[in-house]
Structures are given as structure tokens and as C-alpha cells.
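I opened a new notebook page for this structure and wrote down what I looked up, entry by entry.

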Amino acid sequence: MRVSDWAAVRLQHQRDRGCCGAQGRRLRGGRGGREHRVETPLGVLHVMVHGAGNVRRPAILTFHDVGMDSKSCFSTLFKFEEMQEIVKNFTVVHVDAPGQEDGAAIYPAGYQYATMDQISDMLPAVLQYFNFRTVIGVGVGAGAYILSKFTLSNPEAVEGLVLINVDTNARGWMDWAAQKLSNLTSSLTDQILSHLFSQEELSANTELIQTHRARLSKAPNLINIELFWKSYQGRRDLDIERNNTFKCPVMLVVGDQAPYEEAAVECNSKLDPTTTSFLKMADAGGMPQLTQPSKLTEAFKYFIQGMGYMASSCMTRLSRSRTTSLSSSYSMEGSRSRSRTLSQGSQGGQLPPSPSHTMEVSC
């Protein structure tokens, strides 16, 4: 099917749901945020908007992982008490991948779902709809990949990028073969849980695992989730390297027990060390935004301060618990420090992460 035909089918499907007008439609508001459906050349995106609507600052635009929607992926982090200072100073925009939002209509059999590239190409219409000049992107897993692609294609639109569990590589043939075998032996729920959590986490079978297993197995839009999962599995290599990289400050985040730890480390090695911060969270698994919201909020505040925003923000917990010892490792470029490790637990000077260095932070 040609792209034009695919787009026409998508738009018609969305119009049949009565959810969009010429440019989009605001559906409802309230304490949970303002809900919109934004029409793009490739279909309609469900968007939730929170915060002050400060047009002098970039909006914070989030994109969730496979098997989740914006609410299940980011609600814990953005409702966290210490995060409210950021929410009050920025507009926060949560974008759902097509068909992943709560209450989404089920796609018919044979429906051609958007590729990762096509989903990223929908995002400029979101910025245009809300009149955002620039954004700070926050993505997890598949959402981190989508925002990476969007940033590479639209560098002028992104002031900063926070990538949690990012993998910018296409699947290798061994990964492809393993996935084929998994498709035969594992349920869709188990496949996605293995993407979201490490084997150690799954073996522990914590309440968090049980909650997500129950949510996925009972999801009314499981067909849509499977289409998004297959789209992510078919992603292309972004070919990121030193001379083809992000033009904005980047903070990479991964738990030391996360399934995508190696992919995040590899991505870090390809980025500009002068504009990249690497936050490796100790005793954290595949969802640090849910299990470590306090640490992630503090790191996010430092990241925003490094970009020149919220200079007077009060740094509470982490600023009181910096160590005075730093272990440094050097890149192959010579004496310039490639990474520094900060360990939490004792008093020391305030050494906030800055976009001027690539840091590996254990906290």
C-alpha cells in the first residue's frame, strides 16, 4: 500500500471514531489535564497537556514505551511531589502512540500500523497544533527511539533530550531469530514484559510485575499493542555516530539491572561527550521512572538547570548526599574525562550533572 493510501485509511479510521476536525479537537479537561486529538498527515494522535503553558520555555514532550500508554508510563514520575516544581514552570505534553491510549478503538484485521519512522514524522504536527517552538523530549524504550528519530530529523525543534532505556540500533539477525522463537513459545504479554523488565525482575515477580502482567493480559486494545510492538521490532538503525548525532544536550538514563543497559552504554559511546550526561541508576531495573522517581526527578532538574532553566530551583535530597570522591575514566581521545561516577550516601560538595560532561552516575 502506498503511503498516501495508508494515510487515507488511517485518517478515515480516526474520522469514523468522530475524534478529529480539520486540525484536531480538544475533548475534555480537568484535574487530569487537557485532552486533545491532533490530526497529522499520517493519522491522529491522542495528546494530554498539563502545566502552566509557559510559551517562553520549551514544552516537555513525553513518549511512552511499548505495552504502556502515557498515563501508565509517566504518571508516577510527573505526579511525584518534587516534580511539581517543574510541572508548574513548563507545559508538559504526553503523546500516545496510535491506538495505545485508554479507550482506543481496536484496529481491524490487516490494518497497516505506522512504522517507527512514520510515528516520529507525526510529531511536527503536534508542535504546530500547540504553537510550540521547541520541546524537551522525554522518551522511554520505543518512545526514546521515536524521539531520537524526531530529533535527528528536526534538530531545531528540540532543546534537550532525556532517553530512558534507549536502543538506537536495528535488531541483529540473532535478535530476529530469538524473537521468532519467542513468538512461538511465549505469549504477547510475556514478550512485552521481557522487553520492559530484566529476567531478575521477572523472577522476583514483584507487585509491579504482577500489576503490569494483569494490565497487559486484560487490555481491551491488545491487538493495537501487538501492532506497536511489531513496529518497534522492525525499527531501522539510526546510524548515530560522532559526526551524525544530536545537536542538543542529552541525558541517557538506564538502570543497572535493565534489559537495555548494554544498548544504552553503546549509545553513550557514540554521542558527543561534551553534551551528553549518562545516568546509570544502581539497584534499578527497567522502569526507573516508576521505581526511582525521586532520583530521576532530581537528575532531571539538574539537566534542565544545565540548559539555563530553573536556576533558582532547590535541590534537596541529592545535593545533600554527594560524595567527595570521584572515579574517572578516560576516553581514547586522551586526557579529557569521558565519564565520572558519583555515588550517593555521604556528604560532599555539590556537583550537579551538566551537559558539559558525559557522566555515569550511580545513585
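I looked up Lys 280 and found it buried, at a relative accessible area of 17%; in this notebook buried means under 20% relative accessible area, exposed over 50%, and partly exposed in between, with a 1.4 Å probe and protein chains only. Before going further I noted that this is a predicted model, in which local features need pLDDT of at least 70 and side-chain atom pairs count only at pLDDT 80 or more, while totals for chains, interfaces and linings use all residues. I also noted that residues are numbered from 1 along each chain as its sequence is written, and that side-chain values use heavy atoms, with hydrogens and water left out.

Which residue forms a salt bridge with Lys 280? I found Glu 261, with the closest N and O atoms 2.6 Å apart, where a salt bridge is a side-chain nitrogen of Lys or Arg within 4 Å of a carboxyl oxygen of Asp or Glu. Glu 261 lies in helix α11 (residues 261–270) and Lys 280 in strand β9 (residues 276–281), so this pair ties together parts that are 19 residues apart in sequence. For these elements I rely on DSSP runs numbered from the N terminus, helices being H or I with at least four residues and strands E with at least two.

I counted on the computed total for the rest: the structure holds 9 salt bridges. Another of them joins Glu 159 to Arg 133, with 3.8 Å between the closest N and O atoms. Because Glu 159 is in strand β7 (residues 158–164) and Arg 133 in the loop between α4 (116–130) and β6 (135–140), the pair ties together parts 26 residues apart in sequence. Glu 159 is partly exposed at 21% relative accessible area, whereas Arg 133 is exposed at 67%.

I noted Glu 226 as partly exposed at 31% and Lys 230 as exposed at 53%, while the buried residues of α10 include Phe 228 and Trp 229.

Last, I checked pLDDT, the predictor's confidence in each residue from 0 to 100. The chain has a mean pLDDT of 80, and 72% of its residues reach 70 or more. Over residues 318–358 pLDDT stays under 50.

Methods
Contact = heavy atoms within 4.5 Å.
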